Amino acid sequence: MATLDDARGGAAPWLLSAPALLLFAAMLLVPLLLTLVLSFHVFRDMAGVQPGYTLHNYLQVVTDPYYGTIFLRTGVLAFAVTALSIVLGVPETIVLARMRRPWQSICLLIVLGPLLISVVVRTLGWQILLGNNGVINSALQALGITDEPIRFVFTMTGVVVALTHVLVPFMVMSVWATLQKLDPQMEWAGRSLGASPLRVFRRVVLPQILPGVLSGSIIVFALSASAFATPALIGGRRLKVVATAAYDEFLGTLNWPLGASIAVLLLIANVAIVMGCSRLAERRFKHVFD
């Protein structure tokens, strides 16, 4: 009779996971592969997509300063949103973890509330808040802080603010999962030995929540670098990012191979940056992960 270890090492795990693997391949890997193949196709203005293959689309994106500026802007946007999410999300999660029920559940629901609303609805709400006649500018002028409206819409500042509001809950959830494993007695032991609250946080709490901060940063960076709806509505046509540039090539100029090459390069850059930062952080904080 086959033992449990034999079943684990045989074909049973593959058979059990086969439906999920097939669904994953059909819904994700196949479209990515088709996009990759499309990016090498030849495009002619009058004839459209041609059956031949070329590297011209990638060379155009890599060598054109216009696309270089768009990729640089997208990177700056993603890093800014990630940094703000860390600054806002980590202290917020620590405060939530120390609340008593039912206030903890209520505040946690409020923090995660943006995830329950459509991204388009959230972005349109930020358009109303950040507009020249919006609530924020009206309040600033009423308080005498500014004499004229501050331009937030169609600027990088507005896009960063709106994206941070959308993505902070992902940081909160990642740090929250790590904080649930933290033993409060470790903090009490540090305080009983005469350490200040700041020192206890820096030497005890922070090293323990670093894995959660790292995983949350990866999620936030990946989502902000590939975001489309918020940059398109808040940034407009003048403040393009990689996702909106690919969209314009697909539906504006109908140059599908060029749009596909932009999407593929965005995926490669996103994966490379995320994996590089993850490896660097794991090497730097190896004692924490162990």
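## Ala80 and its helix

Ala80 counts as partly exposed because its relative accessibility is 28%; that class lies between buried, under 20% relative accessible area, and exposed, over 50% (1.4 Å probe, protein chains only). Ala80 sits in helix α4, which covers residues 65–97. Helices here are DSSP runs (H or I, at least four residues), numbered from the N terminus. Although Ala80 and Phe221 are 141 residues apart along the chain, their C-alpha atoms are separated by 9.0 Å.

A word on what you are looking at: this is a predicted model, in which local features need pLDDT of at least 70 and side-chain atom pairs count only at pLDDT 80 or more, while totals for chains, interfaces and linings use all residues. Residues are numbered from 1 along each chain as its sequence is written, and side-chain values use heavy atoms, with hydrogens and water left out.

## The nonpolar cores

Let's turn to the interior. A nonpolar core is a set of buried Ala, Val, Leu, Ile, Met, Phe, Trp, Tyr and Cys residues joined through side-chain atoms within 4.5 Å. The largest one has 26 residues, and Leu77, Val81, Leu163, Val175 and Ile209 touch the most other members. Two or more residues of this core come from each of α4, α6 (119–130), α8 (156–179) and α10 (197–225). Helix α8 gives the largest share, 9 residues. Apart from this core lies another, of 12 residues, including Tyr58, Ile70, Ile262 and Leu265.

Leaving out residues up to four places away in sequence, Ile209 touches Val90, Ile94, Val175, Thr178 and Leu179, where contact means heavy atoms within 4.5 Å.

## A nonpolar patch on the surface

Phe24, Leu28, Leu29, Leu32, Leu267, Val271 and Met275 form a surface patch with about 600 Å² of accessible area together. Such a patch joins nonpolar side chains (Val, Leu, Ile, Met, Phe, Trp, Tyr) within 5 Å, from residues with over 30% relative accessible area and no salt bridge. Areas come from the Shrake-Rupley method with a 1.4 Å probe, and only the protein chains shown count as cover.

Helices α2 (12–39) and α13 (256–284) each supply at least two of the patch residues, and α2 gives the most, with 4. Met275 belongs to α13 and, at 46% relative accessibility, counts as partly exposed.

## One salt bridge

The count comes to 1 salt bridge, defined as a side-chain nitrogen of Lys or Arg within 4 Å of a carboxyl oxygen of Asp or Glu. Lys240 pairs with Asp248, and their closest N and O atoms are 2.9 Å apart. Lys240 counts as buried at 17% relative accessibility, and Asp248 counts as buried at 11%.

Conventions
Patch = residues over 30% accessible without salt bridge, like charges linked within 9 Å, V, L, I, M, F, W, Y side chains within 5 Å.
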